[in-house]
Amino acid sequence: MSQPSPSVLQAWLGADCVCFDVDSTVCVDEGLDNLAEFCGVADKVKALTNKAMNGDMTFEESFEARLSMMGLTRQKLDQFVSQHPPKLTPNVVNLVQLLEQRNKRVYLITGGVSDLVKPVLTALSLPDNRLISNRLLFDENTGEFLGHDRSCFTCRSGGKAAAVKHLRVDLGYRSVAMIGDGVTDMEARSECDLFVGFGGNVERAQVVAGADWFVRDFRELAKPLLERDANCNMP
């Protein structure tokens, strides 16, 4: 829905934790797709990314297949990160600042890898402990790619829901909102008080249909926060 119902608006304003997907939500593009282009396998990897985001294959199948195609090394990954700073979606920095100023803690929950997403945390002025992502493993001596850490929440389907449950149960957040563009983000709905679909970079029919609130510009989410501030300051 493009306009939030009163109950949806109440859930948004009442959230003490707001979780953002990263690829095609906080950032305008897909980090693994960009890494794949750098590694010379862009078309194959992008097709698998779309299958996972549209719900046509499980995330873990897509994730492992994409990584296996790239011929990664520690050195190659570090070179990519140094040459490709994050491209943030317009207005996301302002929204994150508004939320943090109101004691709503912002987390990034992504099926991407930590090496690619840590620069995004820095750009948003968030500490390292606000990131839930995947971790790649490399041989310390040779830099050879060894696989990924299978204990990470988001290396499997349903991982974002598990991550949100961790925030509620283990870290004590009372009310959690999740914002994202993909079906894998919408899977977290079972553990969230609110799922906001984001279509500013990519619009997916399943997300439009299944979101509690669907927006195409982060200013739509900032507006109720600013309006509440204005009402509170009225004489």
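Biologist: Hi! Is Asn91 buried, exposed or partly exposed?
Modeller: Hello! In this predicted model, Asn91 is partly exposed, because its relative accessible area is 26%.

Biologist: And where is Asn91 in the fold?
Modeller: Asn91 belongs to the loop that links helix H6 (74–83) and helix H7 (92–101). Its phi is positive, about 75°, although Asn91 is not a glycine.

Biologist: Where do I find Ser125, then?
Modeller: Look at the loop between helix H8 (114–123) and strand S3 (131–134). Ser125 counts as exposed, because its relative accessibility is 65%.

Biologist: Let's zoom out. Which domains is the protein divided into?
Modeller: Domain 1 covers 6–29 + 88–233, and domain 2 covers 33–83. Their C-alpha centres are 21 Å apart.

Biologist: How many residues of each domain are in contact with the other?
Modeller: On the domain 1 side there are 23 residues, and they are in contact with 20 residues of domain 2.

Biologist: Now some helices. At what angle do H3 and H4 cross?
Modeller: Roughly 165°, with the axes of H3 (residues 31–39) and H4 (residues 42–53) coming within 8 Å. The two helices are therefore roughly antiparallel to each other. Their crossing is right-handed.

Biologist: Which residues make that contact?
Modeller: H3 contributes Leu32, Asp33, Ala36 and Glu37, while H4 contributes Ala42, Val45, Lys46 and Thr49. By type, four are nonpolar, one is polar and three are charged.

Biologist: Changing topic: is Phe63 buried or exposed?
Modeller: Phe63 is buried, because its relative accessibility is 0%. You'll find Phe63 in helix H5 (residues 59–69).

Biologist: What does Phe63 touch?
Modeller: Beyond residues up to four places away in sequence, Phe63 touches Leu32, Gly111, Val113, Asn134 and His148.

Biologist: How far is Phe63 from Leu126?
Modeller: Their C-alpha atoms are separated by 26 Å, and the two residues are 63 residues apart along the chain.

Biologist: One more, please. Is Lys160 buried or exposed?
Modeller: Lys160 is buried, because its relative accessible area is 7%. Its place is in helix H9 (residues 159–169).

Biologist: Which residues is Lys160 in contact with?
Modeller: Setting aside neighbours within four places in sequence, Lys160 is in contact with Asp21, Ile109, Thr110, Gly111, Thr154, Met178, Thr184, Asp185 and Ala188.

Key:
Residues are numbered from 1 along each chain as its sequence is written. This is a predicted model: local features need pLDDT of at least 70, side-chain atom pairs count only at pLDDT 80 or more; totals for chains, interfaces and linings use all residues. Side-chain values use heavy atoms; hydrogens and water are left out. Axes are lines fitted to C-alpha atoms, for helices over the stretch in contact, and angles run from 0 to 180 degrees between N-to-C directions. Helices (H or I, at least four residues) and strands (E, at least two) are DSSP runs, numbered from the N terminus. Angles under 35 degrees count as roughly parallel, over 145 as roughly antiparallel, 65 to 115 as roughly perpendicular and the rest as oblique. A crossing is left-handed if the near helix is turned anticlockwise from the far one by less than a right angle, and right-handed if clockwise. Contact means heavy atoms within 4.5 Å. Ala, Val, Leu, Ile, Met, Phe, Trp, Tyr, Cys and Pro count as nonpolar, Asp, Glu, Lys and Arg as charged, and the others, Gly among them, as polar. Buried means under 20% relative accessible area, exposed over 50%, partly exposed in between (1.4 Å probe, protein chains only). Domain bounds come from an automatic or database domain assignment.
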